[in-house]
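Trainee: I am new to this structure and would like to go through it with you. Could you show it to me, please?

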Number of protein chains: 2
Amino acid sequence: MYTIGQVSQLFGLPVSTLRYYDKEGLFPDIKRVSGIRQFDEKEIEAIRVIECLKKSGMEIKDIKQFMEWCAQGPQTYVLRRELFLKQKADVEAEIERMNRVLDMLSYKCWYYEEAIREGNEERLQSMQPEDMPERIRQAYENAHR
Amino acid sequence: MYTIGQVSQLFGLPVSTLRYYDKEGLFPDIKRVSGIRQFDEKEIEAIRVIECLKKSGMEIKDIKQFMEWCAQGPQTYVLRRELFLKQKADVEAEIERMNRVLDMLSYKCWYYEEAIREGNEERLQSMQPEDMPERIRQAYENAHR
DNA sequence: TATTGACCTAAAGTTAAGTTTAGGATTTAT
DNA sequence: ATAAATCCTAAACTTAACTTTAGGTCAATA
């Protein structure tokens, strides 16, 4: 239903990336008409899943494994569910880590607001957590443990 | 106060990585005693910041730039604050994307639970969002827009 | 005293995920 | 019918962030 160029537009992915994915086996049974790839609904959903699994930290070769499981039918449902459960746990952990990063960034934003106001870091550098505003102290302590 | 090996233990970072960071200019005025690096509180906090900025998507060369600003004193406070504000916005956006990824993963977990229960994907593949359980429909639609 | 363990440098090697290049074939618009 | 746009492959190249290797110094222990 779509050419590689249309899919490229649709997802904002370079054509070369889509060809690379195909070469790596991520579209195991994509159709071709005189050599030209025909992306249909199956491949479109595959791309959504690829983007999702990539952002969840999976490598291309493992995504390929998943695509092969899909081609193998019902006997791999359990494996596929396990995979998604694991990625879900990984992403939840990653979001937690990102929230800690956010706490560090919030603390640093506050720190430089104060430094700008005061013209130096003297007071800030010798400040103990208990002397910080409550919100900042919590961010600081979360980021520093 | 710490040797490179102790810092390596403390942060779970390979010694080679710490040397690499130093070579890339991330510890601009680390002290040495007869060639051996002395990591003190300043470098320890630098490593926490490096980890934070790296996870927020910054490259080593830009982190180096930040370390140079720190060495330049109060005249770069504003630049440093801008930097942290930008990274904070980036991380907030990233967390939003990760929540969408999580929605896709939740949908897929549900999908395979059902597929396992039913032994095939017939019904699931022809299912419209309005026929999905509410929680799943929302995840599906958030992941597919 | 000799050997072990922790430190050092410089330079080469690795890895993943693309991207670019070179050389064609095919399709679409004029 | 011809020119421009879009498609194709294979292979070389790129980049960031490390990691490994080879060769060496130095301090404490057996």
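Trainee: How many residues does the contact take from chain B and from chain A?

Mentor: Keep in mind that this is a predicted model, where local features need pLDDT of at least 70, side-chain atom pairs count only at pLDDT 80 or more, and totals for chains, interfaces and linings use all residues. Residues are numbered from 1 along each chain as its sequence is written, while chains are lettered from A and ligands numbered from 1 in the order in which they are written. Two residues are in contact if their C-beta atoms, placed from the backbone, lie within 7 Å. On that basis, chain B gives 33 residues and chain A gives 33 residues.

Trainee: Which element gives the most to the side of chain B that touches chain A?

Mentor: Helices (H or I, at least four residues) and strands (E, at least two) are DSSP runs, numbered from the N terminus. The most, 25 residues, comes from α5(B).

Trainee: How do the residues of that side divide by class?

Mentor: Ala, Val, Leu, Ile, Met, Phe, Trp, Tyr, Cys and Pro count as nonpolar, Asp, Glu, Lys and Arg as charged, and the others, Gly among them, as polar. The side of chain B that touches chain A then has 17 nonpolar, six polar and ten charged residues.

Trainee: What relation superposes chain B on chain A?

Mentor: Copies are superposed by least squares on the C-alpha atoms of residues with pLDDT of at least 70 in both. Chain B goes onto chain A by a rotation of 180° with 0.0 Å of shift along its axis, with an RMSD of 0.1 Å. That is the relation of a two-fold axis.

Trainee: Which residue of chain B comes closest to the rotation axis?

Mentor: Here the distance is taken to the C-alpha, and it comes to 3.2 Å. The residue of chain B is B:I95.

Trainee: Now the DNA: which element gives the largest share of the surface near DNA strand C?

Mentor: A residue is near a strand if its C-beta atom, placed from the backbone, lies within 6 Å of it. DNA strand C is surrounded by 16 residues, with A:S16, A:I60, B:T3, B:G5 and B:R37 the closest. The largest share, three residues, comes from α2(A).

Trainee: And which element gives the most to the surface near DNA strand D?

Mentor: Around DNA strand D there are 15 residues, and the closest are A:T3, A:G5, A:R37, B:S16 and B:I60. By class, six are nonpolar, five polar and four charged. With three residues, the element that gives the most is α2(B).
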